[in-house]
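Let's take a walk through this one, going from a single helix to a sheet and then to a pocket. Have the coordinates open as you read.

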Amino acid sequence: MSDIIRLLPDAIANQIAAGEVIQRPASIVKELMENAIDAGADDIQVIVRDAGKALIQVVDNGMGMSPPDARMAFERHATSKIRTAQDLFAIRSMGFRGEALASIAAVAQVELRTRRSDDQVGTRVVIEGSEVKTQEACQHPPGTSISVKNLFFNVPARRKFLKTNPVEFRHLLDEFMRIALANADLAFALHHNDSEIYRLVKGNLRQRIVQVLGKKYNEHLVPVDEETNYVRITGFVGKPDIARKTRGDQYLFVNHRFIKSPYLNHAVRNAFEEMIAPDHHPLYILFLDIDPGKIDINVHPTKQEIKFEDERLIYNYLRVSVRHALGKYSVTPSLDFDQEQAFERAGTPARQLATPQEALERQNMQHWERLFDGMKPADAVTQTVTLQSDAFPAESAVPAEADARTNVPYQLHNTLLVSQIKSGILLVDQQAAHERILYERNLHALKEQAPHTQQSLFPITIEFNPAEAAMFRELLPDLKILGFEIEEFGGETFVVQGAPVQLEGQSEEQVLRTMLAQYQQDLQITAEAKERVAKAMSLSMAIPRGKAIPPAERQLLIDMLFACENPYTSPSGRKCFVMLELDELMKRFM
Ligand code: ADP
Ligand code: MG
């Protein structure tokens, strides 16, 4: 038998490598922008069509390439950034693996134009599916322009797996925003289908954050700046009052490279401790500068993961730095000050004089309250029902009996609707139930295209940041079907002329902002676009837990829930109701 092992042809090897480096249009934007930065450019333009599926072009004013280099750049493992294995431990550039251009050229149609400022003419290289089609001299200003067309034109299976344009564009924006935030001293622009999404001028980090994430953050930024001989930590965290329920703007850069680290995210979160609610996430844009010899960024082809020589040390530095910054800007009184005491002292000075006995009682009370605070109704209904009367005298004063007589469902802790049913008790989570009702109604409207709009007397304007505006624009057609009448007002401003009837007193702006945040968070979930919109909308519009529901509307809510196709769970999967059998309850009295 003859030998059967063969080396793969380059084109195939490149395509395989591309599978790791180039997952979607966003990966290309990242690689090309990083190359431009490594080339010393200070003005970088990104132009995309169809969320990058049709075209991605990156134009820079960097050092350019010589004619042989322009060809060489597309070879696998071809790089000007490292020479020896030693160099791997001193990496200051964004690239070093020499596989991005080779990978991109393996799965798309690429045209490169480049010129060094000292050269008379530039070079043009056209390469498709790893095959060089043209190499010739051309006119070009100093710098490099690379355009990538028809991503995955030769790998139909992968092209098919690309998500819808809004989803791909969101990923692309994420990469663009990360790089723009990491390099406030460079100018950037982003164009999508003929509209300018971003034009960012050079400035300091604060200015860049405001340009990228929105003006509203400006007065909520707390600077962080700490230096040890091991690591320098700089940047900003958001004040506790702008922490949000959706994990939004959290950026951590190590040596100017965006990285994902749940561990270090925890360090920042931890620094905020009781200053923000347990289900809220702080805003942060933080930079760690560290000797490249103390980290390994060669863990993953996309370089978003990193290994630290001593991760626990970094964790502690990060936590202390953030805590210190919050303390210094008197967001928290001082470094290791007990948070609970601090708040009480600030809020209710008289309390300071409390006798030890009073203090103890108060603490006890807080313990009791805490028992109810974190309780998930679905899990702990039994306790809620049996204990409520002695823990909350004020509420138990409401005669439950009267409710039962008139058959009006009782509202427990402004959270659960309690109704007597034949076999026992029905407990309905008001928020989950309302989400379900709105979800089915929204989905129906979206599928039937039957809007119900109520014209607002006073149209309101909403201003988003450019990235949000770009996303929001994509959602306008669906929002229209849901009953929103919204017009673009130019730039990032929108005017809401009308809203769905069921908005009932909630602020349009709040509903739309929450909806957008929710929608962005769910983009990764493989749901149909319409379902995603319906879900985001219902979550942002539903009656929250903790809100009183007028007696007259309680039964209606329950009836509407059971008129739903699936009354069992909310669109995010929580139980809408729980039934307690009388027999089961009676057993507890034995
Ligand atoms: P890496 O960035 O890891 O070196 P790439 O495949 O991204 O690998 O690029 C290969 C080489 O091509 C780079 O090392 C650099 O010398 C050159 N190059 C790529 N993009 C540019 C650019 N925009 N300007 C100048 N040179 C570039
Ligand atoms: Mg590169």
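Two strands count as paired if DSSP finds at least two bridges between them. With that in hand, start at the hairpin: β9 and β10 are joined through three residues. Keep in mind that this is a predicted model. The β9 and β10 strands run antiparallel, with seven bridges between them, and Val 222 sits opposite Val 237 of β10.

Next comes the sheet. Eight strands make it up, it is open, and the order reads β5-β4-β3-β6-β2-β1-β7-β8, with mixed pairing. At the edges stand β5 (131–138) and β8 (195–200), each with a single partner strand, so one side of each has no neighbour in the sheet. From one strand to the next, the twist averages 10°. At the β8 end, five bridges tie β7 to β8, and this pair is antiparallel. Phe 188 has Leu 200 in β8 as its bridge partner.

| Strand pair | Bridges | Residues of the named strands |
|---|---|---|
| β7 and β8 | five | β7: 187–192 |
| β9 and β10 | seven | β9: 221–227; β10: 231–238 |

What lies on the sheet? Helix α2 lies across β1 (43–49), β2 (55–60), β6 (143–149) and β7, at about 10° to β2. Helix α6 (residues 165–182) also packs on the sheet, where it touches β1, β7 and β8, and its direction makes about 170° with that of β7.

Is α2 largely enclosed or left open by the rest of the structure? Largely enclosed, because twelve of its 14 residues are buried. After the helix comes Gly 40, with a positive phi near 80°.

Of its 32 lining residues, Asn 35, Met 65, Ala 73, Ser 80 and Lys 81 are the closest to the centre. Which elements supply at least two residues each of that lining? They are α2, β2, α3 (67–72), α4 (100–107) and β6. The largest share is from α2, with five residues.

Methods:
Residues are numbered from 1 along each chain as its sequence is written. Chains are lettered from A and ligands numbered from 1 in the order in which they are written. This is a predicted model: local features need pLDDT of at least 70, side-chain atom pairs count only at pLDDT 80 or more; totals for chains, interfaces and linings use all residues. Side-chain values use heavy atoms; hydrogens and water are left out. Buried means under 20% relative accessible area, exposed over 50%, partly exposed in between (1.4 Å probe, protein chains only). Helices (H or I, at least four residues) and strands (E, at least two) are DSSP runs, numbered from the N terminus. Axes are lines fitted to C-alpha atoms, for helices over the stretch in contact, and angles run from 0 to 180 degrees between N-to-C directions. Contact means heavy atoms within 4.5 Å. On a 1 Å grid over the protein atoms alone, a cavity is a set of points where a 1.4 Å probe fits but cannot get out, and a pocket is an open set with protein on both sides within 12 Å along at least five of seven lines; lining residues have an atom within 4 Å of a point.
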